[in-house]
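Please look at the sequence and structure first.

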Amino acid sequence: MSAAPDIDPDDAESPASLAALWIGVAVVLVAAAVIAVVLVVRLAGSAREPFTRGEVPRDSPLHLRSTVRPPDVVHVAGSGSNLPLTRALAELFQAEHPGLHVVVFDSIGSTGAIHATYDDVIDLGLVSRPLRDSEAALGLFVYPYARVPVVVAVNLGVPDDSISPQDLLDIYAGRRAAWSDGSPIVVLQRERGDSSHHAVAEVLPDFEAVNDAAYREGRWRVVDSDQAMQEALSVTGGAVGLFDLGAIVLQGLPIKALQLDGIAPSEASVQSRRYPFSKDLAFVSVELPTGAPAELLRFVDGERARRLMRRSGYIPLPEDQ
Amino acid sequence: MRPKGHVRTVSLRRYLGARMLPLVVLLAVLVSLSAPLAYFALTTGTLRTRARATAVQVAAAVSREIQERPVLWRYDALKLLAHIRAYTEEPSIARIEVADRSGVRVPLDDEPIGEPTPGESLLWESAPIEINEQVVGHAWAGAELGQARAGALLLLIPFAALGLGLAALIHFIPGRAMARAERRIAASQAALARFNQTLEQQVAERSSQLTDAYALLQAKEVRLRELSSRAVLLQEAERRVIARELHDSAGQALTAIRINLQIIAQLSEAGARDMSAETGLSPKAADKVGRLAGRTLTIADATLEEIRRAVSLLGPAILDDVGLVAAIQRLCDDFGERSDLRIECELDEPPDAGLSPALESVCYRVTQEALTNVARHAQASRVDVRLALGPDKIRLEVRDNGRGFDPAAAPRPPGAPGGRGLVGMRERVELLGGTIRMTTAPGAGTSVVVELPQVTLSEDGDDTAVVVA
């Protein structure tokens, strides 16, 4: 606007004051940037781990490498699925072999059993799933001794007696939420890597996807041990979960095992594959057992032990020809 | 370097805009960064708290497990930590690790909780693992910052937009206000310019009117001067005619009467001595006639004297008798003789038709007054009298070599030019359209200069003829 009133910018203060203003703003911006950087660096953490990776000192209480194992004592640890049967077998073994002792530790899982065996911390490990490729590469010796049907276990209050594989998928996928009497279904899920889930997924491939989705969505309550599962199934109305038939029978648990499409889990139905869900229980050792562990393995392969297994809902391995 | 005196100007809007720009930039940056940074700080603070709480839980659980299963605990620790992680319901905890008191990580499984991601930044918090009040290691919980960072970046977008929006508002609202103000000021200036133009026109009109009025006034003044001049000329001509009439008619008649009265007185005196036949009067009667004639002769002489005096007042009779040049010359001679002054006269002869009586009277009386002042006050030894007769102008100068005076400081000498003596002359000079000025200084003598236009009532210069006519 040519007719607009003008200001003389050449007065002594104008350029200086403008420059001072820019300098002030730049100082404030730099200070703000410094504060922001310091704040972000202090708050943002570091990509560097606060600990080192290396050999843990031998005297560290966190990383003891061995226990005292007398020759007449067999240390056994592993999957919770193996524990009820193994403890019953150990009791029978000790009764038959005075002077030999078997210590069966609480569950450390199949994975823990393989690593503890490999570390020679225990004499025999107990596994309830096939070895993974990385585990097989360790060169362990595997001794399967029982096969146990994996059942759809429910609380005794559940009115239903049978279930179809599709029903099982629908229940775990959340598509079916009530039993036949309308009572709500409470699904109990085991942690990832559980051997029962693995056994079902082997036969029912869609189950793995449904199970994964349930984990991701946090849809169901997850229990992380056989002990926790059997307690939850016993006391939770409408509860359903995958469990071992042998554990139910051997311990006389107040839990009901549902038939699958009208077929009850039994040695005959499992052997004929009409009942498809089962898993094999095995010992693993880092080398060929000798001494007391070898005696224990021979006992487990003996007739008394196989009868105990059959009585308790397990199928002794190797199978009878 | 701009030349001195050159002034560069900018508009109000640009001036304000230049100063608002840094503040606007500052505002935009601060608004854009403050909320995301605050969010990031608060979120990371929360994550630190959660990571520390998780580490405390892990340390307690590990401590319990170590005491129950000193060797086998770590083969089942993966499940334990997964359980803790699941039940803390804290998805931001990316990794849980256990380290020995020497700071070496304790391998818990071949699938530890959370695999380290290259370049991943975690907020690590720890809690001591104590057994029998001895710290045997630390439990570490690492919280991932991805969510906090993503949230801060997400906030950065709207707050950057907000900052830019606010900055734009703060920058453009005053700018628009300045633009409006500039428009108003420009309008005011335009109105002022129009007003000035109108005012100039009005002033020009008034000036023109005043010029016309002044010209009219000058014309009237000229006319008035002309009239005044003519009036003076006429008055002087009338006075000259009256004087001539008195001198020629009444004076001559009274002179004749006086002669007759002298004759009557002589005859009466002779008749009183001896009765002559010529009178036919008795001596007594002759004596009485003689006395009457004598008294009448006295009255006639007095009357003649009055007439001479009146003629002198009406105008120097000498002008009529000998003319201006001879009258001035005679006046100078008389003053020279009486005052012992050397008076040099340089007088132009008037044209044949002569000058107007008024001009002659003024020139004569100014000369007379100036010489009188020289004689009285100047203490001069020489006086120069010059009379220059131009075709249009008459110039008379009387200059002496006397003591002079300071016209501003010194009191005006009585009768000095500009004093009472010349006041009347000045008036008459000015009435005739002329000027009279006096130049003097202490020790430098005095000069009186009169300039008169050549004015007459008649074209031949004989103003008295106009009066007679």
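A residue is buried if 20 or more other C-beta atoms lie within 10 Å of its own, exposed if 12 or fewer, and partly exposed in between, with C-beta atoms placed from the backbone. The model is predicted: local features need pLDDT of at least 70, side-chain atom pairs count only at pLDDT 80 or more, and totals for chains, interfaces and linings use all residues. Residues are numbered from 1 along each chain as its sequence is written, while chains are lettered from A and ligands numbered from 1 in the order in which they are written.

Ala168(B) sits in helix H3 (residues 146-273) of chain B. Helices (H or I, at least four residues) and strands (E, at least two) are DSSP runs, numbered from the N terminus. Ala168(B) counts as exposed because it has 12 C-beta neighbours inside 10 Å. Its C-alpha lies 7.6 Å from that of Val24(B), 144 residues away along the chain.

Helix H1 of chain B spans residues 12-68, which is 57 residues. From first C-alpha to last it reaches 83 Å, close to the expected 84 Å (1.5 Å times one less than the number of residues). H1(B) has a kink of about 35° at Met20(B), shortly before Pro22(B). The bend is the angle between axes fitted to the seven residues ending at a residue and the seven starting there.

The chains compare as follows.
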